[in-house]
Each structure stands twice: as structure tokens, then as C-alpha cells.
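Hi everyone, thanks for coming.

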Amino acid sequence: TDSASGTASNNRPADPEGVAEIVVRGAELTFDEMSRLFGPRLFELAPKVWQLVVEPLSGIYGQLEALGDADVKLVPTEMGAIARRLLEPKLQTPEAVQLVDERIAQSGNPGEIGQSVVDGLRVLSTVARSVDPALRDRLLETLPWVLSTVESKYAAIRNAGSRALSALCCVNTMPVMQAIIQSLLPILGDTTRVYRRRGVSEAVHYVVDDLGERVLPYLTFLMVPVLARMSDHDEQTRLVCTHCFAQLLRLVPLEAGVPDPAGLPPELIAQRERERKFLDQLMDS
């Protein structure tokens with residue numbers, strides 16, 4: 001009986017999800033060890049690591065540029081130039097991101113292209129968390145692409161993009177939070193495209209969850225937009241924002257007296273004071 005049972009057990013098909021989890025964990029450990037061994041020369045000694053991130057993202061989102069109000073095209077854009085224009089308003093218009101989604105859908109192999117973007121974002125998430133501090137600024141070159149993926153109509157791309165954005169935020173908090181505040185949070189007010197609100201709410205959820213108390217200097221920026229979406233007609237957005245607001249609310253008593261983040265632009269410092277006064281009135285009422 002034991003022998004027969006053992007044979008049956010050996011012939012049992014492997015759990016695909018379990019196998020995938022083992023593969024992912026093995027890849028994470030590999031990247032961690034490579035980062036430890038190669039340090040600031042990781043992308044020089046193992047250029048394939050950077051290629052795994054850059055090629056799928058630049059191929060889809062790295063050429064994204066709006067030319068005029070209605071004339072949206074994909075044109076070649078040098079990566080360093082994108083990095084220097086992280087917050088340029090026209091870099092990531094909703095029309096341009098929508099055009100990219102449409103081209104993915106019409107490509108003939110949308111599943112393969114979408115999966116390549118997801119894979120690139122997953123590699124970025126893994127590398128960001130273990131990369132040498134000297135390479136963190138290099139990772140910011142991917143920020144405009146990651147911001148665009150959060151707005152995708154494809155749920156898998158949005159999810160991977162949200163996780164990658166959170167990973168970048170953990171190692172380069174101030175510039176990434178500035179991009180979130182100025183580029184993503186206003187999207188929560190977009191009532192015409194529900195997938196955009198879903199993506200931003202999911203991204204904020206991961207950022208708040210991963211940063212923990214490190215989110216305190218940015219707490220006031222997040223609470224009001226998230227609060228407004230707690231009554232969203234879309235159930236997914238509503239639930240995510242409700243959970244996120246509860247996380248933020250628990251941190252409110254710790255926020256008083258937290259200094260402004262170093263390097264935060266004056267206009268955002270002024271906005272922070274306005275938001276804090278509003279929240280104080282809200283809590284007192």
C-alpha cells in the first residue's frame with residue numbers, strides 16, 4: 001500500500017503556481033546575490049540585467065511623446081532625455097498611454113507583448129530592492145515608463161507597474177513621491193476612465209504598505225485624494241482606497257512635527273501646509 005501510495009504521489013502533476021513561486025523566489029535570490037557581488041558595477045558586469053528591464057519597457061513606453069493636443073504619436077526618444085524630463089506634463093498624456101494600449105491590442109500578439117512588459121517590470125521591482133545605492137539614480141530613468149504602465153487598461157500591466165513604482169519609491173523616495181503627487185494623484189479625479197483610477201489607487205496602496213512610517217512626510221498629500229475616492233462608484237477603486245485610507249489614518253498621530261522632505265519644491269511645501277490645515281479641521285469636526 002505504501003509503495004502504491006508513493007508511486008501515485010510521484011506521478012502527481014506538479015502545482016503550476018507552486019513551481020512558478022519557486023522560480024520567482026530563485027530569481028530574486030539570484031539578483032540579490034549578483035547585486036551583492038557586483039555592487040555599483042552590476043549593470044556593467046551583467047548588462048543583461050539592465051536589458052531585461054529596459055528593452056520591453058522602452059520598446060513600448062520609451063518612445064511615448066505627445067506632439068500637440070490631439071496629434072499623439074510614438075517617436076524615438078533618447079532615454080537620458082526622458083530622465084531629465086521626468087515630470088514634463090506632456091510626457092505621459094492619457095491619450096498617449098491609451099494609444100500604446102491600442103497598439104498592443106492590434107499588434108497581433110498582445111499577450112506576448114503584454115507579458116514582456118510585465119516581466120520587465122517584475123525584474124525592475126526585484127533589482128530595485130537589492131541594487132547598490134550608487135545605481136539608484138540610474139533606476140530613475142525608468143520612472144516615466146513605470147508611471148505610464150500604472151495607467152494601462154490592462155490589469156496585469158497596472159499591477160506590475162504599481163509594484164515596480166513602489167519598489168522605486170522605497171529606494172528613491174523623494175523624487176518618486178514627487179512624481180506620484182504631481183502626476184498620479186490628480187488622475188484619481190478622472191471620472192471618464194475607471195482603469196486609470198484603479199491603477200493609481202493600487203499604486204498608492206502598495207506605496208503606503210511598503211513605505212510604512214517612511215510615508216509620514218507625504219501623508220497629507222495622499223489622504224485627501226484617497227478620501228475622495230472612498231465613495232467611488234467603482235467597487236474595486238472604492239475598496240482599495242478605503243483600505244488605504246485606514247492605513248494612513250493610523251499614522252496621523254505620528255505626522256505632527258515631521259519635517260519637510262529635503263529637496264521638496266516650495267510649491268509642494270505650501271500644498272502640504274494647506275492639506276494639513278484641512279485635515280486638522282476634518283479631524284476636529
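Let's begin with the largest pocket, where H7 gives the largest share of the lining, eight residues. This is a predicted model, where local features need pLDDT of at least 70, side-chain atom pairs count only at pLDDT 80 or more, and totals for chains, interfaces and linings use all residues. Residues are numbered from 1 along each chain as its sequence is written, and side-chain values use heavy atoms, leaving out hydrogens and water.

Helices are DSSP runs of H or I with at least four residues, numbered from the N terminus. A pocket, on a 1 Å grid over the protein atoms alone, is an open set of points where a 1.4 Å probe fits, with protein on both sides within 12 Å along at least five of seven lines; lining residues have an atom within 4 Å of a point.

The volume here is about 640 Å³, meaning the space filled by probe spheres set on the points. Among the 22 lining residues, Val24, Glu28, Arg122, Ser125 and Thr126 are the closest to the centre. Besides H7 (110-130), at least two lining residues each come from H2 (16-38), H10 (155-171) and H12. By class, the lining has nine nonpolar, four polar and nine charged residues. Here Ala, Val, Leu, Ile, Met, Phe, Trp, Tyr, Cys and Pro count as nonpolar, Asp, Glu, Lys and Arg as charged, and the others, Gly among them, as polar.

Now, what does H7 do with H4 (residues 47-60)? Their axes come within 8 Å and cross at roughly 135 degrees; axes are lines fitted to C-alpha atoms, for helices over the stretch in contact, and angles run from 0 to 180 degrees between N-to-C directions. H4 and H7 are therefore oblique to each other. Angles under 35 degrees count as roughly parallel, over 145 as roughly antiparallel, 65 to 115 as roughly perpendicular and the rest as oblique. The contact (heavy atoms within 4.5 Å) includes Leu52 and Leu57 of H4 and Val117 and Leu124 of H7. It has twelve nonpolar, two polar and no charged residues.

Finally, how do H11 (173-184) and H12 (194-211) pack? Their angle is about 155 degrees, with axes 12 Å apart, so H11 and H12 are roughly antiparallel. Thr173, Met177, Ile180 and Leu184 in H11 meet Val200, Val207 and Leu211 in H12. That contact has six nonpolar, one polar and no charged residues.
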